[in-house]
Amino acid sequence: MNASDKPDEVNAALGKRQRGVEERRLRLVRAARELIAERDDGSFSMPELAKRAGLSLATPYNLFGSKAALLGRVFESLVRGFNRDSSWMAGLSASERICGVVDRLVAAYDEQGRLFRNLWKALYGLDLSEHRQLNLSLSNEIVHPLVVSLARDGLIPADVPLPAI
């Protein structure tokens with residue numbers, strides 16, 4: 001009997017394998033965040049990262065391809081964590097929404113300032129070619145939900161195209 005004869009077992013095995021891959025990615029991102037926060041310049045080596053995550057040296061490269069991609073994922077995880085829920089903006093005035101976003105940014109920086117500073121240092125230490133491959137747009141993840149909510153409520157003139165904001 002071959003694998004195509006057992007589709008449920010193949011799907012279950014693939015699901016389990018994919019869960020394992022995602023778990024290792026999370027371990028690497030967590031380890032990178034720890035290492036970045038510990039060092040003033042945000043630097044770390046891939047061997048240090050693999051050791052901290054309890055994985056082989058090949059794993060970070062197999063799962064991310066490069067240190068730049070891993071740093072991009074760390075950045076992404078921080079921004080995504082910030083923007084988990086924009087429902088708090090419902091019913092607030094435009095100025096309250098804007099101040100709310102600023103307050104959340106300040107609180108996140110106050111809570112994890114060393115991590116944010118060191119991550120920026122590490123990101124700015126990348127080659128220009130590596131930088132171009134990363135999508136590190138704070139505006140898309142943090143400001144966009146605010147702008148959409150303001151536009152939806154008619155607080156941005158209709159003749160201003162959203163992509164221009």
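Predicted model: local features only at pLDDT ≥ 70, side-chain atom pairs only at ≥ 80, totals over all residues.
R73 is partly exposed, with a relative accessible area of 28%; here, buried means under 20% relative accessible area, exposed over 50%, and partly exposed in between (1.4 Å probe, protein chains only). Residues are numbered from 1 along each chain as its sequence is written, and side-chain values use heavy atoms, with hydrogens and water left out.

**Salt bridges**

- The whole structure holds eight salt bridges, a salt bridge being a side-chain nitrogen of Lys or Arg within 4 Å of a carboxyl oxygen of Asp or Glu.
- R73 makes one of these with E76, and their closest N and O atoms are 3.9 Å apart.
- R73 and E76 are three residues apart in helix α4, so about one helical turn separates them. Helices (H or I, at least four residues) and strands (E, at least two) are DSSP runs, numbered from the N terminus.
- E76 counts as partly exposed, because its relative accessibility is 35%.
- R25 pairs with E22 in another salt bridge, with 2.5 Å between the closest N and O atoms.
- Both R25 and E22 belong to helix α1, where they sit three residues apart, about one turn of the helix.
- R25 is buried at 19% relative accessible area, whereas E22, at 33%, is partly exposed.
- R97 and D153 also form a salt bridge, and their closest N and O atoms are 2.6 Å apart.
- R97 lies in helix α5 and D153 in the segment after α7 (138-152), so this pair ties together parts that are 56 residues apart in sequence.
- R97 is buried, with a relative accessible area of 4%, while D153 is partly exposed at 47%.
- A network of salt bridges links E34, E38 and R52.

**The nonpolar cores**

- In soluble globular proteins, nonpolar side chains tend to be buried together.
- A nonpolar core is a set of buried Ala, Val, Leu, Ile, Met, Phe, Trp, Tyr and Cys residues joined through side-chain atoms within 4.5 Å.
- The largest nonpolar core has 28 residues, and those touching the most other members are L28, F44, L49, L70, L71 and L119.
- At least two residues of this core come from each of α1 (7-38), α2 (46-53), α3, α4 (67-82) and α5 (94-124).
- Another core, of six residues, lies apart from it, and its members include M89, V101, L146 and V147.
- What does L70 touch, not counting residues up to four places away in sequence? L70 is in contact (heavy atoms within 4.5 Å) with L28, V29, A32, F44, L49 and F64.

**Aromatic rings**

- The structure has three aromatic pairs. Rings of Phe, Tyr and Trp (its six-membered ring) pair if their centres lie within 6.5 Å; planes under 30 degrees apart count as stacked, over 60 as edge-to-face and the rest as tilted.
- The ring centres of F75 and W120 are 5.4 Å apart and the planes meet at 70 degrees, so this pair is edge-to-face.
- F75 lies in helix α4 and W120 in helix α5, so the pair ties together parts 45 residues apart in sequence.
- F75 is buried, with a relative accessible area of 6%, but W120 counts as partly exposed at 26%.
- Ring pairs join F75, W120 and Y124 into a cluster.
- The charged end of K67 sits over the ring of F44, 4.5 Å from its centre; this needs NZ of Lys or CZ of Arg within 6 Å of the ring centre and within 35 degrees of the ring normal.

- T59 lies in helix α3 (residues 58-64) and counts as buried at 11% relative accessibility.
- Leaving aside neighbours within four places in sequence, T59 is in contact with R24 and L28.
- T59 and V21 are 38 residues apart along the chain, and 9.6 Å separates their C-alpha atoms.
- S77 belongs to helix α4. Is S77 buried or exposed? S77 is buried, because its relative accessible area is 19%.
- Not counting residues up to four places away in sequence, S77 touches V29 and R33.
- A polar atom of the S77 side chain lies 2.7 Å from the backbone oxygen of V74.

Note on methods:
Polar contact = N/O pair within 3.5 Å; in protein donor to acceptor, adjacent residues only side chain to side chain.
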